[in-house]
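Hello,

Here is the structure we talked about. My notes on the side-chain contacts follow below it.

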Amino acid sequence: MNHLSDDDITKGLETLGQSFHPSVTQKENSRRHIFQPNQRQLGFNIQSWLPTIVSIVVLFLVGIGVFVLINNESYIGTGESSVNGGLITDVTASWDETLLKQTSTTSPTNFEILFSKGSLIVYDRFQSFGFEYNPDLGEEEALTKYKINESSLKAGEFTNYRVKKNDNMYTIEVTGKQGFTYTLKKVAPRKYVGEEGIEYSTGTYVD
């Protein structure tokens, strides 16, 4: 057995230590193994949150669309819309075959409002109601005893009309050359008051 000198032992340890020093390729591979998992983990987190983000955006857009649709829906058929906090409903169909008769005598009119088969017919039967006045005084002076002298309601037959409800208010809208609007307030199940104070009654219950 040969005894090694101190120099031999030192050289042997240096040679042995060199085998543990990584090469350039080994260093590069080690670096890839260390940093690559973090990059993959970061990509995985973004992909896992992507469906949730997309779902939130879609729900937000759908909510905006529904809100806009409700607030801008037009009056078509039995359509509804919100105006000044009230819900306006087209109730034209439910008023068919309804007759409103004037019951008050505070105006120089005697209206009958008939909704029949797609037509609105307004009669003013005041002359047959027994209106008489002194020709020497004139008609205008004779009419001063009435509290109400004029009404926006027009006599005639109309086909282009709608009845719209807002709470207990009903508005008759007539379009065309002879168009006008007339509002009735429901004060009892079968009693209404016109916008100028004329009172009406009907034998049917109307929505």
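Is Arg 125 buried, partly exposed or exposed? Arg 125 has 34% relative accessibility, so it counts as partly exposed. Please keep in mind that this is a predicted model.

Arg 125 has two contacts to look at. It forms a salt bridge with Glu 112, with the closest N and O atoms 3.1 Å apart. Arg 125 sits in the loop between β5 (119-124) and α3 (139-142) and Glu 112 in strand β4, so the bridge ties together parts 13 residues apart in sequence. Glu 112 is buried, at 15% relative accessible area. Arg 125 also lies over the face of Tyr 123, 4.3 Å from the ring centre.

The whole structure has three salt bridges. Another one joins Asp 90 and Arg 162 at 3.3 Å, N to O. Asp 90 is in strand β2 and Arg 162 in strand β7 (residues 161-166), so this pair ties together parts 72 residues apart in sequence. Asp 90 is buried at 6% relative accessibility. Arg 162 is partly exposed at 40%. Glu 173 and Lys 164 also meet in a salt bridge, at 3.1 Å, N to O.

Now the rings. There are seven aromatic pairs. One of them is Trp 95 with Phe 115: the centres are 5.3 Å apart and the planes at 75 degrees, so the pair is edge-to-face. Both Trp 95 and Phe 115 are buried. Tyr 170 and Tyr 192 have centres 5.8 Å apart and planes at 80 degrees, so this pair is edge-to-face. Ring pairs link Trp 95, Phe 115, Tyr 161, Tyr 170 and Tyr 192 into a cluster.

Best wishes

Terms used:
Residues numbered from 1 in each chain as written. Predicted model: local features only at pLDDT ≥ 70, side-chain atom pairs only at ≥ 80, totals over all residues. Heavy atoms only, no water. Phe/Tyr/Trp six-rings, centres within 6.5 Å; stacked < 30°, edge-to-face > 60°. Buried < 20%, exposed > 50% of the residue type's maximum accessible area, 1.4 Å probe, protein only. Lys NZ or Arg CZ within 6 Å of the ring centre and 35° of its normal. Salt bridge = Lys/Arg side-chain N within 4 Å of Asp/Glu carboxyl O. Helix = DSSP H or I, 4+ residues; strand = E, 2+ residues; numbered from the N terminus.
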